[in-house]
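Hi,

Here is the structure I promised to pass on. Have a look at it first, and then read my notes below.

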Amino acid sequence: MDEKTNFHTIKMIRIAFFDFSRTIAKGTGFGSGPIFMGRKEEYESLYKKYKSNELNEEEFIKAVAELWNGFKEKDLSKIYSKIELNPNVEATLSFLKKKGIKMALVSNIPLRLAELYRNLGLDYVFGTDCEVKNGVFTGKVLRLNSDKGIVVKNLCREISIPLNESIAVGDSIGDIPMFKAVGCNNSISYNAASEVNNYAKYNIKDFKEIITIIKK
């Protein structure tokens, strides 16, 4: 953990917001469907363009969603079983649950895939609402979830929890709006690039460090 971290900046925490891909999960969640269907190169090409800012968040989501076209809903359990979680994720989420801290997944992965992760103790799940007809993904997006900051603000308002009693954990550019919503002092970047780290007070390499932050 960054030596400059000041544990006393975070106040009582009542809800924690988590990104999914490369945060909860080791790899991609959004790309899991296309990869399962043999479209790995197409997904990686889109991700490269997103990382280089050739595609914005909304364009990236819609383009990847198109790669889910033809994916059978019944196969969600297959990719769910293949997606590996990062070390200490389950232990950390279990700790937060026991502390009575609510947890929300704020991701761009298909909502129907995100729902499968409620078994981690998640109270709220947000994802991309993708159209499914006759049990098959069409590649069309029904509802975008591109601005994570808006999701965080709306949920906190709905359940009457002040933003300064929230924390956000993520790794990518798309998580920055979430960090801005809860404030830098309440933001935790996990194995992130420097451009993302700049928006978070806490820069961690081990998921379990979140427990240390909460305890302090």
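Let's start with Ser21, which is buried, with a relative accessible area of 14% (buried means under 20% relative accessible area, exposed over 50%, and partly exposed in between, using a 1.4 Å probe and protein chains only). Before you go further, note that this is a predicted model: local features need pLDDT of at least 70, side-chain atom pairs count only at pLDDT 80 or more, and totals for chains, interfaces and linings use all residues. Residues are numbered from 1 along each chain as its sequence is written, and side-chain values use heavy atoms, with hydrogens and water left out.

Ser21 sits in helix α1, residues 20–24 (helices are DSSP runs of H or I with at least four residues, strands are runs of E with at least two, and both are numbered from the N terminus). A polar atom of the Ser21 side chain is 2.8 Å from the backbone nitrogen of Gly29. That is a polar contact, meaning a pair of N or O atoms within 3.5 Å; within protein, one must be able to donate a hydrogen and the other to accept it, and residues adjacent in sequence count only if both atoms are side-chain atoms. Neighbours within four places in sequence aside, Ser21 is in contact with Gly27, Thr28, Gly29, Phe30, Ile109 and Asp171 (contact means heavy atoms within 4.5 Å).

Gly29 turns up again with another serine. The side chain of Ser32 reaches the backbone oxygen of Gly29 at 2.5 Å. Ser32 belongs to helix α2, residues 32–36, and is buried at a relative accessible area of 9%. Not counting residues up to four places away in sequence, Ser32 touches Trp68, Ile79, Ile83 and Leu113.

Next, a helix pair. The axes of α3 (residues 40–51) and α4 (residues 57–67) come within 10 Å and cross at roughly 180°. That makes α3 roughly antiparallel to α4 (angles over 145 degrees count as roughly antiparallel, under 35 as roughly parallel, 65 to 115 as roughly perpendicular and the rest as oblique). On the α3 side the contact involves Glu42, Tyr43, Leu46, Tyr47 and Tyr50, which meet Glu57, Phe60, Ala63, Val64 and Leu67 of α4. These residues divide into eight nonpolar, no polar and two charged.

Now the aromatics: the whole structure has 14 aromatic pairs (rings of Phe, Tyr and Trp, the last by its six-membered ring, pair if their centres lie within 6.5 Å; planes under 30 degrees apart are stacked, over 60 edge-to-face and the rest tilted). One of them is the tilted pair of Tyr43 and Phe60, 6.4 Å centre to centre with 50° between the planes. Tyr43 lies in α3 and Phe60 in α4, so the pair ties together parts that are 17 residues apart in sequence. Both residues are buried. Phe30, Tyr43, Tyr47, Tyr50 and Phe60 form one aromatic cluster.

Further along, Phe95 is in helix α6, residues 89–98, and counts as buried at 15% relative accessibility. Leaving out residues up to four places away in sequence, Phe95 touches Ile211, Ile214 and Lys215. Phe95 and Lys208 are 113 residues apart in sequence, with their C-alpha atoms 9.7 Å apart in space.

Last, two asparagines. Asn88, in the loop between α5 (76–82) and α6, has a positive phi of about 70° although it is not a glycine. Asn191 has a positive phi of about 50° and lies in the loop between β6 (187–190) and α10 (194–197).

Cheers

Definitions and conventions: Axes fitted to C-alpha atoms, helices over the stretch in contact; angles between N-to-C directions. Nonpolar A, V, L, I, M, F, W, Y, C, P; charged D, E, K, R; others polar.
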